[in-house]
Every structure is written in C-alpha cells, then in structure tokens.
Amino acid sequence: MTIAPERPAATAERAVPVGERRRSPTLLRATDVYALLGAAAAALSITWLLFARLLPFSGTVGFLAVAYGLFLALYALLVSFDENGPAVRDRLAAVVVQSLGLVMVVALGFVVVFTLWEGRKALPHLNFFTQDMAEAGPLDPLSAGGILHAILGTLEQITIALALTVPTGMVCAVFLNEVPGRFARFVRTVVEAMTALPSIVAGLFVYATAILALGFDRSGLAASLALAVMMLPIIIRAADVVIRLVPGTLREASYALGTSRWRTVWHVVLPTARSGLTTSVILGTARGIGETSPVLLTAGFTAEINGDPLSGPQVSLPLATFEFVKSPEPTMIARGFGTAAVLMALVLVLFVVARVIGGRGPGRLTRRQEHRRVQASRRDAERFAARSGRAAPRDTPMDTRSE
C-alpha cells in the first residue's frame, strides 16, 4: 500500500515571506493623495509669492494659469520619486483629464446656480407660468405677466422641428451606412460641413426662401424650419457614428437567415443602436431649443399667446430671455433669468423622456412587445399544429398499403 506524501497546508503556501510588504490592489494610494495635495499647496504658494511679492503680475486668469502650470510640474516631480517615466506620464495625463472635467462641471454648476439665483424673484409667482406679457409692461411688478406664450411657442416649434428632422436624419444615416458609394461620401461631407453652420445663416436661409421667395408669413412654422436646418446635420452625424458601431456579425447573421437588407436594418441595426440614436436626437434637440436669432428672423416677437404655428409671430423661451434681459428694469431682468431657468428645466424634462423611451438595451422588450411576441408564437404553434393535422390523413393509407 502506497502512502501519498503529505501536502503542505494551504495557509503555508499562501504565507507572505517575512519582510515583504503587501501592496494594495486599489488604484488610489495614499502617496497619490499626498502628491496631489502637496503639489496644489506648493503651486498656490509659489504663485502667490510671484504675483504679490516678486513680479508685477496681476489678474485672476493669469494667477490660475500660472498656478495650474506649476501644479502640473510639481506633481510630475513628486510622482517621479516613486515611479518611472511611463508611469509619470500616465499619472500626469490622468490629472490633466480629470482637472479639465472638474473645470467643466464647476462651470456648468456655476451657470445653473447663477441662473436660478438671479431668477429666484420671478419663479415663486404662479402667474409667471400661467400668463403672458400682453397686459404687463417693464414697470409692472412680478405679480403681473408671465411666459406662457414663450413656453407654448418653444414646445410647438421644437415639436415640428423634431417631426421633420428625426425621420429624415435616421433615413439619411442609414443610407450613409447601408448604401456606400461616391454619393454617400458627398452627402457625408456636406453633413459634416453643415454641423458648424452659424445659426444666423440658417435663419437667413429660411427667411430668404420661405418668407421672401415663397411668400410665407413670419410664423412658428418658419422658425421650426430654421431650427430643423440646424438640428438635421447634428442628428445625421451622431446617428451615422452610432450605426457604424453596430457589429458587422449581426448583419451577417441576419443575411444568413435569408433576411433582406432593409428588414435587417429595421429589426437588427436600429434596435441595437437604439440608445445611441436617442443620444443623437438629444444632441439635435439641445442645439435647436436654445437658439434665438433664427426665431427672431423667421417668427418675430410678440407678447401675446399665439397657438397657431402657421400664421402670426410666435416667441420662444430663448428669444423671450433675450428681450427681457435687454431691459434696464430689475423686474424684467428677473423675468429673463426666470425664463432661462424654465428653459433649462424644459430641456431636462425632454432629455429624461427621451432616455425613458429609447434607453432600453438591445434585445430588451417592453411588456406590450413581449405580449405581442407571445401571441405571435401561439399563432405560429396553432398554425403548425393545424398543418400537421391536415397532413396526417393523407399519410395513413400509404402506411396501411405498405404493411
């Protein structure tokens, strides 16, 4: 009988040798924090010494620029004491990216907080949301007048613009990806060039073609056309990039099952890229909903409610903000910042709705879609059963004769 040799205990195998320091697997270490804080404190101190004692420098922007440059240099020096060259460059790049992101978040927060603070006097009044400015003037208090006409105009104009741009943009993006060729490259070049189109040019284009040449009135429809000219390139470009990211193996699998190209696009490509296409619509909406000059050129300005987008001037929230802030009266300025706050809230609501509608991942169905899928499966099963039941009597005599 052979006796197997005894194996050392698991604890002995995993024992850490004496004198070896266990290294934490976390990305952030205490030395990194100390290097960041030390570099920041040293940069601020040296910059203050330069600006206040040694050199004739002044200005907040210059102070921040010099301090940031010294911070990066000192941080790279401190990290180089413990790491090699590639690690130092990696840490320095990470600090630059994170600091730029922090600057963007701080700037966005400052804009939002400043707008809400300046509009705090107008927002608590209920009439601010339920009345227009037809019977209120610059000298009237905040308890009179409101921005209902601007809210209605913005909703109508952006709805018409989205009805024009979403289907057109999606079809164009699908065309650019599914029908490659010289014409597709030409269209992509034109779309990329139009993404930087100034808003005033779009307004002048619609004003010259729709109002002067075709004889249309200044109206919400004309403003929607101008907004659509600006939104369409953004939606096409973003949707084109998203559809390009769909794996080609999904298309190949669909083609292998005998599906046509357009059924593959409708049932495979577009559902896979649903969340990205929603983002493209959000980007286009953000570009169009905040524009002022195209609306001013094509829809004019009015202080009354105009629910008909086909005739008569119609105002939007950005245009109302511009007109209110131009006034030297404090009440009108407060109305302007309150209008800007309402515009930000409206954009946030539209973004949330878009995310709820198109934020599902690929292959995830709603309850209604699952119910329809189950019903279709039951109908297919009943049809197959009925077909097999009809085929059985024809096979029975052949079996008996063979026996």
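1. Let's start with one residue, bearing in mind that this is a predicted model. Met332 has a relative accessible area of 8%, so it counts as buried, since buried means under 20%. You will find Met332 in helix H15, which covers residues 330–358.

2. What does Met332 touch, leaving aside residues up to four places away in sequence? The list is Met133, Gly137, Pro138, Phe324, Val325 and Ser327. Have a look at Leu139 as well: Met332 and Leu139 lie 193 residues apart in sequence, yet their C-alpha atoms are 8.3 Å apart in space.

3. Now please turn to His149, which has its place in helix H6. Is His149 buried or exposed? Its relative accessibility is 3%, so His149 is buried. Not counting residues up to four places away in sequence, His149 touches Asp132, Met133, Thr302, Ala303, Glu304, Ile305 and Val315. You have met Met133 already, among the residues that Met332 touches.

4. Stay with H6 (residues 148–178) and follow it to helix H12 (residues 274–289): the two pack at an angle of about 140°, and their axes are 10 Å apart. H6 is therefore oblique to H12, because angles count as roughly antiparallel when they are over 145 degrees. The crossing of H6 past H12 is right-handed.

5. Which residues make this contact? From H6 come Thr154, Ile158, Leu162, Val166 and Met170, and they meet Leu277, Ser280, Val281, Thr285, Gly288 and Ile289 of H12. Sorted by type, the residues of the contact between H6 and H12 are 7 nonpolar, 4 polar and no charged.

6. The buried residues of H12 include Arg274, Gly276, Thr278, Ile282 and Gly284. Leu277, Ser280, Val281, Thr285, Gly288 and Ile289 of H12 are buried too, and these residues meet H6.

7. Finally, compare another helix pair. The axes of H7 (residues 182–194) and H9 (residues 220–244) come within 8 Å and cross at roughly 125°, so H7 and H9 are oblique to each other. Their crossing is left-handed. Arg188, Val191, Glu192 and Met194 of H7 make the contact with Val229, Pro233, Ile236, Arg237, Asp240 and Arg244 of H9. Here the residues of the contact divide into 5 nonpolar, no polar and 5 charged.

Technical notes. Residues are numbered from 1 along each chain as its sequence is written. This is a predicted model: local features need pLDDT of at least 70, side-chain atom pairs count only at pLDDT 80 or more; totals for chains, interfaces and linings use all residues. Side-chain values use heavy atoms; hydrogens and water are left out. Axes are lines fitted to C-alpha atoms, for helices over the stretch in contact, and angles run from 0 to 180 degrees between N-to-C directions. Helices (H or I, at least four residues) and strands (E, at least two) are DSSP runs, numbered from the N terminus. Angles under 35 degrees count as roughly parallel, over 145 as roughly antiparallel, 65 to 115 as roughly perpendicular and the rest as oblique. A crossing is left-handed if the near helix is turned anticlockwise from the far one by less than a right angle, and right-handed if clockwise. Contact means heavy atoms within 4.5 Å. Ala, Val, Leu, Ile, Met, Phe, Trp, Tyr, Cys and Pro count as nonpolar, Asp, Glu, Lys and Arg as charged, and the others, Gly among them, as polar. Buried means under 20% relative accessible area, exposed over 50%, partly exposed in between (1.4 Å probe, protein chains only).
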